[in-house]
Amino acid sequence: MEALEAIDKAHGESSLAQLEKGLEFRKIARSLFKSKAALAGLFILFIVIASALLAPYLAPQDPIAQDINNRLKPPVWDPKGSREHLLGTDHLGRDILSRLIYGSRISLIVGLSTVLISGTIGILIGLIAGYYGSWLDDIFMRLADIQLAFPFILLSIAVVAVLGPSLRNIIIVLGITGWVVYARVIRAEVLSVRELEFIEAIHALGGQNLRILFRHILPNVISPGIVIATLEVARMIILESALSFLGLGVQPPTPTWGGMLNDGRQYIYNAWWLATFPGLAIMLTVLGINLLGDWIRDTLDPRLEI
Amino acid sequence: MKKHLIRRFFQTFLVLLGVSIVTFAILHLTGDPTALLLPQEATAEDRARFRHEMGFDDPLIVQYGRFLKGALRGDFGLSFRHNQPALQLVWDRMPATVQLTLAAMLISVSIAVPIGILSAVKRNSLLDHVGMVIALLGQSMPVFWLGIMLILVFGVKLRLLPAFGMGGIDHLILPALTLGMFTMARTARLTRSEMLEILGQEYIRTARAKGVPPWSVILRHALKNAAIPIVTVIGLEMGTLLGGAIITETIFAWPGVGRLTVQAIYNRDFPVVQAAVFTLACIFVLINFVVDILYTYLDPRVRYE
C-alpha cells in the first residue's frame, strides 16, 4: 500500500510537479502570445464574455423596450440613421446593439452549460467503455451509433417541439445528446493508456479499479476532452441559435441572436441590418472559439483530428 | 472480410432497431401524447375518446410493437394536415432533398479539394493563407445566416439569382452553396493537412529524386494516398448535409423533406415528423454502412485489424 500511495502522491502534489507546472504554464503563456490567431480568438471571446457579464452597463438602451415611432431605423452611418441607435432598430423599434449585447448571455449560458453536461457524461462513458470493455463497451458504442444516426438538429427540434421551447429544455436536450464525440475519443485514448506499463504496475500493487481509472487514467486522457469541449462550445452556440432561428429557442421577448436573425429574415428586402448583425455576432463568437480551440489542440494534443 | 461484413450487418440492424425506438419515444416524451396532438380547447371526453382510438391507453410496449409493425410496412399513419399517408409525403419530397444534397456535395468537393491541394503544395504562400482563412470563416458561419446573406446579396441587391423555390439550375446555386459551405471548409482543411503529411514522407522524396515530374508526384503519388481519409470524411459529411438541408430548405423555401419536417413540427403533424425522422436516420445509417464497406475494400489494412 505504501508504494501505491507514493505513486498517487507522485501524480498529485509533489513539489517537483508543482515546479514543472509553473514552467509549463509559462511556456503555454508564451506560446499563446506567439500565436496571433489564438490571441485574436481570446480577444473576441473577452469581448463576448464581457458583454454578457456587464450587459446592463454596456447596453445603451433597454433591449426589450419597443418604440414604434422609431422602427426599422438604419445604422448610424446611414444618412437616415441616428446616434441613439448605433446599429439601428428592429421592426418594433428596439435597439439592435443593446439586443446583441444581451443576446450574448443566452448563447454563452447555453454553450457553457451544455458542454459541461455533455462533457461530463461523455468523458465518464468513454472512461468506462474503454477501461472495462466487453459488453459495457458494446452497449455504449451501439448507443453512440444510434445517436449519430439522427441528424442532430432534426432530433433536437423534434424533442424541443414536444417538450416545449424554454431555456431549461434546450440545455437538457443539447446537453444530453452531445456526449458521443467525447465518449468515442476518450474511449480510444483509454484503450491505449490502459495497456501502459505503469497501469499494470499499479494493478500488480493491488490498486482499485475506480482509483486507477480516475487518478491515473483520467489525467492522461483528459487533454483531448478539453480540446473537444472547447470546440463543442462553438457547435452548441450554433445549434442554440439554429433552434431560436426556427422559433424553437428561448421565447421572446428575451433577445437571442438566432431569434433576432429570424425576425430580420422577414425584413430582408428593406432592412438588411436586422439579419446581418446578429449573424455576424454568432460567426465572430464561433470563430473566436475555433481559433482558441485550434491552438489548444496544437498545444495539448497535436495528433488529434477533430 | 466475410466475418467483418456479417458483424457490420448485425450492428447496422441493431442501430436501426434503436432508431425505431427513439423515433417512437419522441412522441411519448411527455408521457401522454394526447396533450400534444389535440388542441387545448378539447374537452376531457374528447381526450379520453381520442386516447382510446389512438391506442394511447395501451401499455407502452404494445404501442411500440404496433409502431414497429407499421414502420416495417412503411405505415406511419395518416398526416393530420394533408390526410395522406405520412411516408408517402416524405418520399414525394425526397428527390428535391437528394438533388440539393448532391449539388451541395458536388460544389463543395470540387472547390475544396483543389484548394486543399494547392494550399499544401504552396504552403505558407498568400494563397495558402487566404484559402485557410476563408475555410476557417466557412466553418464558423451558421448555415442559416450564410443563406440569408446570399439571398440579400445575390437575390435582393444584385438580382442575379432567384432566392426562393425550385426551378431551373439557377434556383439550385444559392441553396447548394449555403448547404455545402461547412463541408467545403472542412474538406479543404482536411485535404491540406493530409497532403502536408504525405508530402513529407520518404517515398515522396524518393519519387522526386527519381525525377518524376512535380505534378505527377502530387497527384499520382500523394493525392492517391491522401484520398482514403478524405473520401471517408466526405461520406460521413452526407449526414451533416442531410441535417443542414433541414435549415437550408426552410430558408430557401426548397420543397424537400427538411422543409416538410419543420412545417410538420410547427403543425404538430407527428405522423409526418416520425416518418421523416425515421427515414432520414435510416438513410444515414445505410450510407454509413456502405461507406464502411467501401472503406474496407479500398484500404486492405482495415480488414486485418
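Author: In α6(B), the buried residues are B:D128, B:G131, B:M132, B:A135, B:L136, B:G138, B:Q139 and B:S140, where buried means under 20% relative accessible area, exposed over 50%, and partly exposed in between, with a 1.4 Å probe and protein chains only. Helices here are DSSP runs of H or I with at least four residues, and strands are runs of E with at least two, numbered from the N terminus. Please keep in mind that this is a predicted model, in which local features need pLDDT of at least 70 and side-chain atom pairs count only at pLDDT 80 or more, while totals for chains, interfaces and linings use all residues. Residues are numbered from 1 along each chain as its sequence is written, chains are lettered from A and ligands numbered from 1 in the order in which they are written, and side-chain values use heavy atoms, with hydrogens and water left out.

Reader: What covers the buried residues of α6(B)?
Author: The cover includes α11 (209–245) and α13 (273–300) of chain A, together with α5 (86–121) and α8 of chain B.

Reader: And how far does α6(B) reach from its first C-alpha to its last?
Author: With 15 residues, α6(B) reaches 21 Å, close to the 21 Å expected at 1.5 Å a residue; the expected span is 1.5 Å times one less than the number of residues.

Reader: Okay, the two chains now: how many residues of each are in contact?
Author: On the chain B side 44 residues are in contact with 40 residues of chain A, contact meaning heavy atoms within 4.5 Å. The area buried between them is about 3800 Å², and carbon and sulfur atoms give 80% of that; buried area is the accessible area (1.4 Å probe) that two parts lose on being put together, summed over both. In chain B, the residues that lose the most area to chain A are B:S140, B:F144 and B:W145, together 16% of what that side buries.

Reader: How many salt bridges does the rule find across that interface?
Author: The rule finds 1 across the interface of chain B and chain A, counting a side-chain nitrogen of Lys or Arg within 4 Å of a carboxyl oxygen of Asp or Glu. The side chains of A:D294 and B:R189 meet in a salt bridge at 2.7 Å, N to O. A:D294 is buried at a relative accessible area of 13%, whereas B:R189 is partly exposed at 25%.

Reader: Which side chain does B:E237 meet in a salt bridge?
Author: The partner of B:E237 is B:R186, at 2.7 Å, N to O. B:E237 lies in helix α10 of chain B and B:R186 in helix α8 of chain B, so the pair ties together parts that are 51 residues apart in sequence. B:E237 is buried, with a relative accessible area of 1%, while B:R186 is partly exposed at 31%.

Reader: One last thing, is B:T187 buried or exposed?
Author: B:T187, which is found in helix α8 of chain B, counts as buried at 1% relative accessibility. Leaving aside its neighbours within four places in sequence, B:T187 is in contact with B:A112, B:V113, B:I230 and B:I234.
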